[in-house]
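Please look through the sequence and the model shown here before reading on.

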Amino acid sequence: MKKYLIALAILFLPVIASGQTRLNLGADHAGFSVNIEDYYQGFRWYFISAEIEQQFKNKWIPGFAVGMLKEGRKSEYNGTYFTVKTFYALDFDHFSVIPYGGLLYGLPGIQFDRTNLLYKDGEVVGYLNVSMIRHINVSPTNIDTAGVLQPISGLTLRKYLGSFFVDGHANLRFARFSKVTSDFSDASYDEELVLMPSLGLGIGYTF
Amino acid sequence: VKRIILALLTFFILPACDMLGKLENPTGPSTYMGNETITELTSWYPCVIVHTPGYSGSPEMERQFETIAKLQKAGRMNWIRLGSPNRDYYRRAMAMGLKVFNILDINELEESRSWQVAFEQAYLEQPSNMWEIGGEISNPAIHTKLMSPWEYMDKFKELYAFVRQRYPQVTLVSAPTFGSATTKRNPVGPIEFERFIELGLLDMDVIIAINVYTEDALQQYAAIFSHHRAKLARKRIWITETGIDNPSKQVGWVQNYYPKIINAFHPEMICWYALWVGDQPGGEHDYGLIDKILTPEMVEGDLFRALTGGRE
């Protein structure tokens, strides 16, 4: 334990840890589709995000960012997440290319649940369903496995304008979806890893 | 200067971000715009809960069945879920060709020597093929004796074995859990539903029932469904109660809330609570599709008129 604390202390010595702290605000558009048999479901939505990032002067230490991401307006319906990212900035003259990776943790709401009912003689006789798999606890909810923990990665292109900057970013979120075909007694169940791409713009300020 | 620019940017950007959030919802259904718009009720399921305070010939029962006939004629009601067993209501519904979904309340079950005896007595009087066994077992507003999930599942499993052997034509329906999450941090119904699953509910050949009245409950039940989706795929799911206690928002409820229920729970049936909940304001009165049925000027609510095509 002691050696870890020493290592941490060395790592965060001012001469090593000094760097720039930035506030980023972003708005993104996302879209993807999942299909099950002939049932094609397209998802499109916007989300907003805010994060604080720390880029170290020492180029050997990758930067990190923590933030929040909010989809839509209704907390019960749309997702709310925390994000943690690590990034490495390739700096040019007033311009940076920043690849990053990280994790997204939170409640997805019910927006990624879709069902197509199957009818016969006016009665529901089965359904096709696609839905994002929740798999991890989010303690305030008191419901087991209500949340998701998903990898994210992406690339940011950033232009600095004095202390301000603007950026464009492309993001990929990796989520598992379940796919069900059922007539209420017989059913098929499958899982699929789905890539959820998004494109967005952001602005920020360097403190 | 930088700080002023930052403040100005924040001032404009935050509302802009807020507007972006309004633009799209991934599964957002159309919004009810009021009586002037065309009322689409494609999400409606033909099941309505009918309380049973009357008897054959009583004004309550006769008026209720007049309105049930209108719903049935419009193709909006094939199933009747009785509020409590009532022979007159059962016989009239059967005579009309409705499918009867009966219920044995926890109070009635517990007052009997055993659940098996209570069921047998009720079934011999009203041989419905579908029986809900209890409901909202931890709701103090409707039960004199509250029951834990463990006690309920023990007794439900015994009754299930009995019914499978003696009345194989009967389908049992598990006790629907609370439709409203009492609080976000203490969602009684969803937690109770999780306990039912842990105690073997999904291993039984019964219809799985839940009640859903709020957005919180919807999200919490959806999380549980997501976790157990593979097992639930082979189960019949019924939303045995949903509705809203504001007659002017009932059409919007079917247009906006029913699609969310369908997307999250893929139910075989959704039952509206309720046809009529008394003429006196207060309590659950405003959940009713109709009102003032004991007066000459019976009131048909917006949703009732929309369902029966009787909108003026």
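Predicted model: local features only at pLDDT ≥ 70, side-chain atom pairs only at ≥ 80, totals over all residues.

Two residues are said to be in contact when they have heavy atoms within 4.5 Å of each other. B:Ser43 sits in the loop that runs between helix H1 (2-23) and strand E1 (47-50) of chain B. Leaving aside residues up to four places away in sequence, B:Ser43 touches B:Val254, B:Tyr258, B:Pro259 and B:Ile262.

**Confidence and overall make-up**

The predictor gives the complex an ipTM of 0.87 and a pTM of 0.88. For chain B the mean pLDDT is 88, and 85% of the residues of this chain reach 70 or more. A stretch to read with care is residues 21-37 of chain B, over which pLDDT stays under 50, although the model has 39 contacts for this stretch beyond four places in sequence.

The secondary structure of chain B comes to 11 helices and 10 strands, and of the 312 residues of the chain, 56% count as buried. If we take the contacts in chain B between residues at least 6 apart in sequence, 71% of them join residues at least 24 apart.

**A strand with two neighbours**

In a regular strand the side chains alternate between the two faces of the sheet. Strand E4 (residues 130-133) of chain B is covered on both faces, with B:Met130 and B:Glu132 buried on one side, and B:Trp131 and B:Ile133 buried on the other.

Which strands pair with E4(B)? One partner is strand E3 (residues 99-104) of chain B, which pairs with E4(B) in the parallel sense over 4 bridges, and here B:Asn102 stands opposite B:Trp131. Another partner is strand E5 (residues 171-173) of chain B, which also pairs with E4(B) in the parallel sense, over 3 bridges, and in E5(B) the bridge partner of B:Met130 is B:Thr171.

**An enclosed helix**

Helix H7 (residues 188-198) of chain B is largely enclosed by the rest of the structure, because 8 of its 11 residues are buried. These buried residues are B:Gly189, B:Pro190, B:Glu192, B:Phe193, B:Glu194, B:Arg195, B:Phe196 and B:Ile197, a list that includes charged residues such as B:Glu192, B:Glu194 and B:Arg195. What do the buried residues of H7(B) pack against? They pack against helix H6 (149-166), strand E6 (208-211) and helix H8 (215-227) of chain B. After H7(B) comes B:Gly200, whose phi is positive, near 105°.

**Pocket and cavities**

The table sets out the spaces found in the model, with their volumes and the classes of the residues that line them.

| Space | Volume | Lining residues by class |
|---|---|---|
| Largest pocket | about 530 Å³ | 8 nonpolar, 9 polar, 6 charged |
| Largest cavity | about 320 Å³ | 10 nonpolar, 8 polar, 6 charged |
| Second largest cavity | about 60 Å³ | 6 nonpolar, 3 polar, 1 charged |

The largest pocket has about 530 Å³ of space. Of the 23 residues that line this pocket, the closest to its centre are B:Glu136, B:Ile142, B:Glu241, B:Tyr273 and B:Glu284.

Cavities of 30 Å³ or more number 3 in the model. The largest cavity is lined by 24 residues, and those closest to its centre are A:Ser49, A:Glu51, A:Lys85, A:Tyr100 and A:His169. Several strands of chain A give two or more residues to the lining of this cavity, among them strand E1 (19-36), strand E2 (39-56), strand E9 (148-161) and strand E10 (164-182).

The lining of the second largest cavity is made of A:Gln55, A:Phe56, A:Asn58, A:Lys59, A:Ile61, A:Pro62, A:Gly63, A:Phe87, A:Tyr88 and A:Ala89. One of these residues, A:Ile61, is found in the loop between E2 and E3 of chain A, and at 16% relative accessibility A:Ile61 counts as buried. A:Ile61 and A:Tyr88 are 27 residues apart along the chain, and their C-alpha atoms are separated by 8.3 Å.

Key: Residues numbered from 1 in each chain as written. Chains lettered and ligands numbered in written order. Heavy atoms only, no water. pLDDT = per-residue confidence, 0-100. 1 Å grid on protein atoms, 1.4 Å probe; cavity = no way out; pocket = protein on both sides within 12 Å on 5 of 7 lines; lining within 4 Å. Points joined across faces, edges and corners; volume = space filled by probe spheres on them. Buried < 20%, exposed > 50% of the residue type's maximum accessible area, 1.4 Å probe, protein only. Pairing = 2+ DSSP bridges.
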